[in-house]
Amino acid sequence: MVFENIIVYLLDKYLGNYIENLDTKKLKIDLWNGNVVLENLYLKSNALADLNLPVTIAIGYLQKLVLQVPWTNIYTHPIKVTIDGLFLLAVPKTEVEYDAKRDEKDEYEMKMKEVQQIEELRKQREAEKNTQGNDKNDTFIERIQLQILRNLELSMRNIHIAYEDKSSKPNHPFAFGITLNYFTLHTTTSDWKSTILKDDTPLIHKLGELSALSIYWNTNSKSRLDLSRDDVIHDLREKIAIDNQQAPSDVAYILRPLNVKTKCILTMKPRQEGFQQPMFDIKIDLDAISLNMSSGQYSDLLDLLQFQGYLTVKSKYIKYHMKKDQVEKSSLKNWRFAYEAILNEEIRPKFECYKWGNIKAHLDRCREYRAIHFQKLTGKLTNEQKERAKALEKKIDVFNLTHIRHSAEIEARKKKEQEPKTWWGNISNWWSGSKSSDDPELDLEKLMSPEEKVKLYDAIGYAGEDTSTSTYPEEYVDINLKIRLNMLDINLWSKMNENDAQVIVRAVIPDTSLVFKRRLATDAIVYAINFSMGS
């Protein structure tokens, strides 16, 4: 039951960060039944916050997400993930009307994401120190990752991610985006015909197909924000290219629709094969890559890069701008904006932090939050305590939050070390995320029952210390990658007027290939590039 819990936990964690109003209870029930179907989902406005860009999602829509997990045969049967219809329209934050409640919610979620990232980085570094020189754990993780790839079947269709900007160049708005017809990754036979693999085999054949991946950039474009949500989604769907011949005529492509085919042979147990077959034998075939750029697109790109700093600063102070329905003289409005921005961002914070009343209130909040977080690590919290912890997290800065949580974890760890350990206690600690990186009894292998451990080891080809990469032959090549490009076509266009466009620079490189190989035991790599020059 360990991996079932892992899948449920990861879905709950990551889907909840990006999907609006996700029903996690229904998600868990459907997942335990082995079939999850989520339809008509809307993405959160801050789903792109991890990119640290001054953009927000105006419209984000996921038409269908299907996840099929064969719990009874999870080690041999495939896990199928299907995404059909992902449409996303991003705009600068300055082009969206300010909403105080939404901004407060987004700011809180971003703060807690940063806290979690800091904690994960700290725990990762602690784990690296504790496992330094031990190849067993690294090999075990690698075998788990290989097993997940073995059983994964992925299908993504109708993807369109667009960005519109009318702030960088108010008189010449532009839009660019990425479209994808479909991407599939499935298991095949040795002659690359689709199949359902039920038996345990030493070699796994995976075929990946990517159809009509394209990048476009439209200058002087018309904004979609004036349309309704349904019309925007419909327009994004219609702008997806099927192939080079079936591409929208009103789209200026930087990268023409590209098709890619990948053939991968996975060796699950290279030791049993006598190290004759690479662990990853990958061949990638690319059709003609056609790159195009006009003078107008190049000018828009430079303006976008130049105005990123301006948009970042403007989005920071957007909450001090007057609402559109408020009428006031332009000069008075500008002075009021400058006064409130400087007063609230520069002056008040400096004076407030030196007042004894504020210092005492800050210390009280830190002590109260530490007590609540310590209770969370050692027991359960009531709903009132959870709401109080959330309110305190909104007021305490990131530095103090990470320090308080770390000190509470140390104290909770000391307390648990004094208590008698039980199997159920270890499981609950791992599930709640309070696993100590330096406690060997909370290792993933320790959490499994002997029967699960035998079944897992046999499925992933792991037998303990003797599978360490340090015992691999020095001449064994674990990665053999071959990439072949039919043709690379680069064009620079000069558009004199609406009806006259000329190619001023063109470069064509036909029949290019790249070979990459790695020897795992010695960390040695070799690569070679072969190409023919065209005109």
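Author: Hello, and welcome! In sorting residues by class, Ala, Val, Leu, Ile, Met, Phe, Trp, Tyr, Cys and Pro count as nonpolar, Asp, Glu, Lys and Arg as charged, and the others, Gly among them, as polar. The model here is predicted, so local features need pLDDT of at least 70 and side-chain atom pairs pLDDT 80 or more, while totals for chains, interfaces and linings use all residues. Residues are numbered from 1 along each chain as its sequence is written, and side-chain values use heavy atoms, without hydrogens or water.

Reader: Thanks! How do the residues lining the second largest pocket divide by class?

Author: A pocket is an open set of points on a 1 Å grid over the protein atoms alone, with protein on both sides within 12 Å along at least five of seven lines; lining residues have an atom within 4 Å of a point. Here the lining divides into 16 nonpolar, 9 polar and 19 charged residues. There are 44 lining residues, and Asp103, Glu107, Tyr108, Met110 and Lys319 lie nearest the centre of the pocket.

Reader: Which element gives the most to that lining?

Author: Helices (H or I, at least four residues) and strands (E, at least two) are DSSP runs, numbered from the N terminus. For the second largest pocket, H3 gives the most, with 12 residues. Among the elements that each supply at least two residues are E2, helix H3 (100-130), helix H8 (330-352) and helix H9 (356-378).

Reader: E2 is a strand, then. Which strands pair with E3, and in what sense?

Author: Two strands pair if DSSP finds at least two bridges between them. Strand E4 (residues 152-165) runs parallel to E3, and 11 bridges join the two. In that pairing, valine 81 stands opposite leucine 154 of E4.

Reader: Is strand E3 mostly covered or mostly uncovered?

Author: Buried means under 20% relative accessible area, exposed over 50%, and partly exposed in between (1.4 Å probe, protein chains only). Strand E3 (residues 79-92) is mostly covered, with 11 of its 14 residues buried.

Reader: Now the aromatic rings. How many aromatic pairs are there?

Author: A pair of aromatic rings is described by the distance of the centres and the angle of the planes. Rings of Phe, Tyr and Trp (its six-membered ring) pair if their centres lie within 6.5 Å; planes under 30 degrees apart count as stacked, over 60 as edge-to-face and the rest as tilted. The count here is 6 aromatic pairs. One of them joins phenylalanine 174 to tryptophan 217, stacked at 5.4 Å between centres and 20 degrees between planes.

Reader: Why does that pair tie together separate parts of the chain?

Author: Phenylalanine 174 belongs to strand E5 (residues 174-188) and tryptophan 217 to strand E6 (residues 203-219), so the contact ties together parts 43 residues apart in sequence. Phenylalanine 174 is buried at 1% relative accessible area, and tryptophan 217 is buried at 6%.

Reader: Why does the pair of phenylalanine 176 and tryptophan 217 count as stacked?

Author: Their ring centres are 4.6 Å apart and their planes meet at 15 degrees, so this pair is stacked. Phenylalanine 176 is in strand E5 and tryptophan 217 in strand E6, 41 residues apart. With 24% relative accessibility, phenylalanine 176 is partly exposed.

Reader: Which residues form one aromatic cluster?

Author: Tyr163, Phe174, Phe176 and Trp217 form one aromatic cluster. Enjoy finding these rings in the model!

Conventions:
On a 1 Å grid over the protein atoms alone, a cavity is a set of points where a 1.4 Å probe fits but cannot get out, and a pocket is an open set with protein on both sides within 12 Å along at least five of seven lines; lining residues have an atom within 4 Å of a point.
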